[in-house]
Amino acid sequence: MADDEPPFCASTHYAKTLMALALRNWEIASYAMFVYTAILPAVLRGLAPGARGRAFAGSGAGLVVTAASVLTPSHVFLHGWLLPPLLLWLAYWTSGLLFTAPMPRVEQALLQIDRVLQVRAISSVAPRWTAEFLEFSYAAVYALIPIALALHLRFTASPDYDRFWTVILVTDYVCFAMLPWIQTRPPRALEPDDPWRSLLRAFNLRLLCAASIRVNTFPSGHAAEALAATLLVSNAPSAVVAWMLFNALAVSAGAVLGRYHYAADAVTGWLVAVAVWVTLG
C-alpha cells in the first residue's frame, strides 16, 4: 500500500486527464453534424448509386478527424487554422451526397420570389465592372474566413479560436443540414442563359464544376458564413467592420445576381448567421 499512488494525487491526475480531453464547442458541433450525416443515408430513399457508401465514408472521416482533434494536444496551427476548415469541407461534401432529386415546386417558388424582386432584370443592367466585381466577391468568400480570423485575433479584446470556429462551423452546418430536406438546383441550372457578361464567370463556373457539390443549399452557406465572419469582427475599428460588411454584402449580391443562389437562400443564410451569433457568439 505504501507504494500506491495517494488518493489525492490519483484524483488530481484524473481531473487533469478530463480537462485535457475537454471538447471544444466546434468539436461537439462536428460530432453532432457527422452523426447526423451518418444516420441519414440509412433512412433516405433514392440516393444515387454509390452515394450511400460515400456518405457513410464521409461521415466516418469527419468523426475520425474530430476525434483526432480532441485527442491531439492543443496546437495553434492544427486547432486554429487547419482542422476546423477540414471539417467544414468534409461536412459540405458529405451533405452533398445526400441529394436525391430536385423538388420542382420548391424551385418554382424560389424562382417566383426572384421574379417579384426582378433579380434577372437587375443583373441584366449591371455595368460590366459591377458584374466582374461581384463574380470576384462570390469566389473570394473562401479567403474571407481566414482574413476574418486574422482580424478577430488582431482586434478583439479577448480573441478566441474556439468561439470563432464555433460560430463559423455551426452556421455552415445548419445550412448543410437542410440540404436533404430542401433539395433544389441552383437558378443558373434552370434559366436559359447567363445573367450578365463577365470574364470571371467562366472561372467561377469551372471552379464550381470541379470543386462543388453542384446543387443548391438553402440557406446559402456563402451568404451565411460571410455575415458570420463580419459579426465575429464586430469589435474591430469601425473601418474594418464596414469593410467586412461590404464584403459580406458583395458575396451575397454576387451569389444572387450571378444566379448561383436564389434571393431567399441569401436572406435565410443571413438569418442563420445572426441566430447563431446571438446564441453562441
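Guide: Axes here are lines fitted to C-alpha atoms, for helices over the stretch in contact, and the angle between two of them is taken between their N-to-C directions. The model is a predicted one.

Visitor: What do the axes of helix α10 and helix α12 do?

Guide: The axis of α10 (residues 221-231) and that of α12 (residues 263-280) come within 7 Å and cross at roughly 35°. The crossing of α10 past α12 is right-handed.

Visitor: Which residues of α10 meet which residues of α12?

Guide: Contact requires heavy atoms within 4.5 Å. On the α10 side the residues are A223, A224, L227, A228 and L231, and they meet A266, G269, W270, A273, V274 and W277 of α12. By class, this contact of α10 with α12 has ten nonpolar residues, one polar and no charged. Gly counts as polar, and G269 is one of the α12 residues in the contact.

Visitor: Why is α4 called roughly parallel to α8?

Guide: The axes of α4 (residues 76-96) and α8 (residues 161-177) cross at roughly 5° and come within 10 Å. Angles under 35 degrees count as roughly parallel, so α4 is roughly parallel to α8.

Visitor: What makes up the contact of α4 with α8?

Guide: From α4 come V76, H79, G80, W81, P84, P85, L87, L88, A91, Y92 and S95; from α8 come Y161, W165, L169, D172, Y173 and F176. These divide into 13 nonpolar, three polar and one charged. Asp belongs to the charged class, and D172 is among the α8 residues listed.

Visitor: Why does A143 count as partly exposed?

Guide: Buried means under 20% relative accessible area and exposed means over 50%, with partly exposed in between. A143 has 39% relative accessibility, so it counts as partly exposed. A143 is found in helix α7, residues 128-155.

Visitor: How many helices and strands does the protein chain have?

Guide: It has twelve helices and zero strands. Its C-alpha atoms fill a box of roughly 85 × 50 × 30 Å along the principal axes.

Visitor: What share of the residues in the protein chain is buried?

Guide: Of the 281 residues, 47% are buried. The accessible surface of the chain is about 13900 Å², and 71% of that surface belongs to carbon and sulfur atoms. Among contacts between residues at least 6 apart in sequence, 84% join residues at least 24 apart.

Methods
Residues are numbered from 1 along each chain as its sequence is written. This is a predicted model: local features need pLDDT of at least 70, side-chain atom pairs count only at pLDDT 80 or more; totals for chains, interfaces and linings use all residues. Side-chain values use heavy atoms; hydrogens and water are left out. Axes are lines fitted to C-alpha atoms, for helices over the stretch in contact, and angles run from 0 to 180 degrees between N-to-C directions. Helices (H or I, at least four residues) and strands (E, at least two) are DSSP runs, numbered from the N terminus. A crossing is left-handed if the near helix is turned anticlockwise from the far one by less than a right angle, and right-handed if clockwise. Buried means under 20% relative accessible area, exposed over 50%, partly exposed in between (1.4 Å probe, protein chains only). Accessible areas come from the Shrake-Rupley method with a 1.4 Å probe; for residues, only the protein chains shown count as cover. Angles under 35 degrees count as roughly parallel, over 145 as roughly antiparallel, 65 to 115 as roughly perpendicular and the rest as oblique.
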